[in-house]
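Here is a short briefing to read alongside the model. Keep the viewer open as you go through the points.

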Amino acid sequence: MTSQQAPGSWTNWARTETAVPLRRAAPRDADELARLVRHAADDGLRVRAVGAGHSFTGAAVTDGLLLSLDALATVEDVTRTETGARVTVGAGIRLHRLNTVLAAAGLAMRNLGDIDRQSIAGAISTGTHGTGAALGGLATQVRGVRVVGADGSITEATPDQNADLFEASRLGLGTTGVLAAVTLDVVPAFHLRAQEEPWPLDRVLDELGAASGGRGGAAGVEEAHDHFEFYWFPHTRRALTKRNNRLSPDDEAAAALRAARGVRPGPLIRARAWVDDELLSNGAFEVADRVATAVPRATPRINAIAARALAPRVYVAPSHEVFVSQRRVRFREMEYAIPRAELVGALEEIDAWIRVSGENVPFPVEVRFAAADDVWLSTAHGRDSAYVAVHQYARLPHARYFEGVEKILAGVGGRPHWGKLHTLDASDLAERYPRFEDFRRVRAQADPGGVFANPYTDRVLGPR
C-alpha cells in the first residue's frame with residue numbers, strides 16, 4: 001500500500017477553488033508525513049494540507065504537494081483530569097468521528113460549530129467557532145500541537161514548550177508547518193436542552209443586551225443562555241432563535257438513565273423534524289432556492305413562508321447532536337466577527353442595504369456570539385464578539401451582496417473568518433490584530449523559505 005495518490009485536480013466543497021498539484025499524497029503516520037514534506041521542500045515545491053476542503057477560500061490550494069491527512073485520524077491518548085480529560089488525536093480526524101469517540105468515553109467538546117465534516121486541524125487552523133457569550137472558539141480548547149516543519153522536523157508545542165510556535169500553529173492557516181496531531185482539553189459528556197422558537201426580529205434586537213447594542217439590559221438574551229444564536233430571514237422582520245442550555249446535574253442523571261434504557265430523550269414530532277431539517281437546511285430548501293433563482297421577485301414571499309413555517313420545539317439530546325446540523329444545500333458564505341456593541345446597528349444597516357439594493361437573498365443571516373480570547377489570530381482576540389454570517393445559494397451571484405455587507409461589517413472593525421470569503425489583505429488585517437506581527441515573526445522563523453505559503457496566505461498574512 002502506498003501513500004501516493006494519482007495526480008489530478010482538487011476542488012473544495014463550495015466549488016469556489018480548484019488546484020492542480022504536481023503531487024498528491026496521504027501519509028499514514030507522522031514519520032511518513034515528515035519525509036513527504038522534506039522531499040517536497042528539497043525539490044522546491046510548496047506544500048499544503050487539506051481536510052474536508054470546507055474552507056470557501058483558497059486556504060488549501062497548491063501547485064506543489066497537496067497532502068490529505070485522512071489517515072492521521074487515530075486517538076493517541078486520553079489522560080483524565082479533574083475537569084474532564086486531555087485527548088490527543090491525529091490531525092486528520094473528522095469532527096463527527098471525534099464526537100462519536102469522545103461520547104463513547106463519556107467526554108465531549110465544550111463547544112462546537114454547526115458543521116462536523118471538517119478535520120480537527122482544518123477547523124482550528126481557520127478559526128472555527130460555535131456560539132456562547134462566555135465561550136471561545138475551537139482553538140481555545142487546544143492544549144498542544146505536533147508540527148511538521150519544512151525540513152522534516154517534528155516538534156511538540158504547548159503553552160509551556162515552544163510556546164510561540166504553539167500560539168502561531170493552533171490558529172495559523174497551516175503556515176508554520178503541517179499539523180500531525182492535536183491535544184484538546186475536553187469535558188465530561190453533557191446534554192443540552194434545545195429550545196427553538198421563531199421571534200419577530202425586533203423582539204430579538206430588543207432582548208439583546210446593552211453589550212450587543214440592544215435594550216435587554218446588562219444581561220441580554222445572548223448572556224442568559226449557555227448558547228444563543230438566531231437566523232434572520234432577509235426581506236422579512238422574522239428570525240429563528242436557538243437557546244441551548246446544559247442540563248442541571250439532576251436532569252443530566254435522568255437523561256443518562258433514559259439513554260441507558262434505550263429511550264431517546266425529547267423525541268421530535270416527525271412532521272416538525274421534516275420542516276426544520278428539510279425546509280430550513282436541505283431538500284425542500286434546495287427547491288425553494290431554485291425557485292428564488294428562477295423567479296427573483298418571489299424571494300420575499302418564499303422567505304416569509306419559510307419563517308412562518310417554523311413552530312416552536314423543545315428537545316433534549318447529547319451536546320454534539322444539538323450543536324451540529326446537517327447541511328446538504330451548496331452555498332457561498334462570508335462571516336465577520338464584529339465588536340458586540342456594533343451588532344444591532346450593523347444588522348439594521350444590512351437590512352436597509354438589502355431593501356434599497358433589491359438584491360435577491362433567499363438564505364438566512366446567521367448571528368452567533370463568542371467570548372474574548374487570547375489566541376493571536378482568533379477573530380475574537382481581545383474582545384467579546386458577535387459573528388454575522390451571510391450566505392448565498394451556489395446558483396446565485398454572491399459578489400454584490402457580499403461586497404455590500406462587507407463594507408458595513410469591515411467598517412465597524414470587523415475581522416473576517418479565515419476560511420470564508422472576504423476581500424481584505426494583510427495591510428487591512430494587521431490593523432485589526434494586536435499580535436499580527438508576532439505571528440508573522442514566528443511564521444518567518446518556522447518557514448523561512450515559504451514552503452507552506454500559497455496565494456491566499458500571501459494575501460492575508462503577507463508574502464514570504
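Which residues is Leu208 in contact with, leaving aside its neighbours within four places in sequence? With contact meaning heavy atoms within 4.5 Å, the partners of Leu208 are Gly214, Arg215, Gly216, Gly217, Gly220, Val221, Glu222, Phe228, Phe230, Leu343, Val344 and Phe369.

Before going further, please note that this is a predicted model, in which local features need pLDDT of at least 70, side-chain atom pairs count only at pLDDT 80 or more, and totals for chains, interfaces and linings use all residues. Residues are numbered from 1 along each chain as its sequence is written, and side-chain values use heavy atoms, with hydrogens and water left out.

**Confidence**

- The average pLDDT (the predictor's confidence in each residue, from 0 to 100) is 92 for the protein, and 91% of the residues score at least 70.
- Residues 265-272 have a pLDDT below 50, and this stretch has 12 contacts in the model beyond near neighbours in sequence.
- Where pLDDT is low, the predicted coordinates should not be read in detail.

**Overall build**

- The protein contains 16 helices and 20 strands; these are DSSP runs numbered from the N terminus, with helices being H or I of at least four residues and strands being E of at least two.
- The C-alpha trace spans about 60 × 55 × 45 Å along its principal axes.
- The radius of gyration, taken over C-alpha atoms, is compared with a globule rule of 2.2 Å times the number of residues to the power 0.38. For 464 residues a compact globule would come near 23 Å, and the protein agrees with 22 Å.
- Of the contacts with a separation of 6 or more, 71% are between residues 24 or more positions apart.

**Burial and cores**

- Buried means under 20% relative accessible area, exposed over 50%, and partly exposed in between (1.4 Å probe, protein chains only). By this rule 58% of the 464 residues count as buried.
- A nonpolar core is a set of buried Ala, Val, Leu, Ile, Met, Phe, Trp, Tyr and Cys residues joined through side-chain atoms within 4.5 Å.
- The largest nonpolar core has 60 residues, and those with the most contacts inside it are Leu208, Phe230, Ile338, Leu343 and Trp418.
- Another core lies apart from it, with 56 residues, among them Ala30, Ala73, Ala85 and Val145.

**Aromatic pairs**

- The whole structure holds 10 aromatic pairs. Rings of Phe, Tyr and Trp (its six-membered ring) pair if their centres lie within 6.5 Å; planes under 30 degrees apart count as stacked, over 60 as edge-to-face and the rest as tilted.
- Trp13 and Phe56 make an edge-to-face pair, because their ring centres are 6.2 Å apart and their planes are at 85°. Trp13 sits in the loop between β2 (10-11) and β3 (18-19), and Phe56 in the loop between β5 and β6, 43 residues apart.
- Phe56 also pairs with Phe331, with centres 5.7 Å apart and planes at 35°, so this pair is tilted. Phe331 belongs to strand β17 (residues 331-339), 275 residues from Phe56.
- Phe56 is buried at 2% relative accessibility, and Phe331 is buried at 4%.
- Trp13, Phe56, Phe331 and Phe363 form one aromatic cluster.

**Ala59**

- Ala59 is in the loop between β5 (47-50) and β6 (65-68) and counts as buried at 8% relative accessibility.
- Not counting residues up to four places away in sequence, Ala59 touches Arg48, Leu173, Asn454 and Tyr456.
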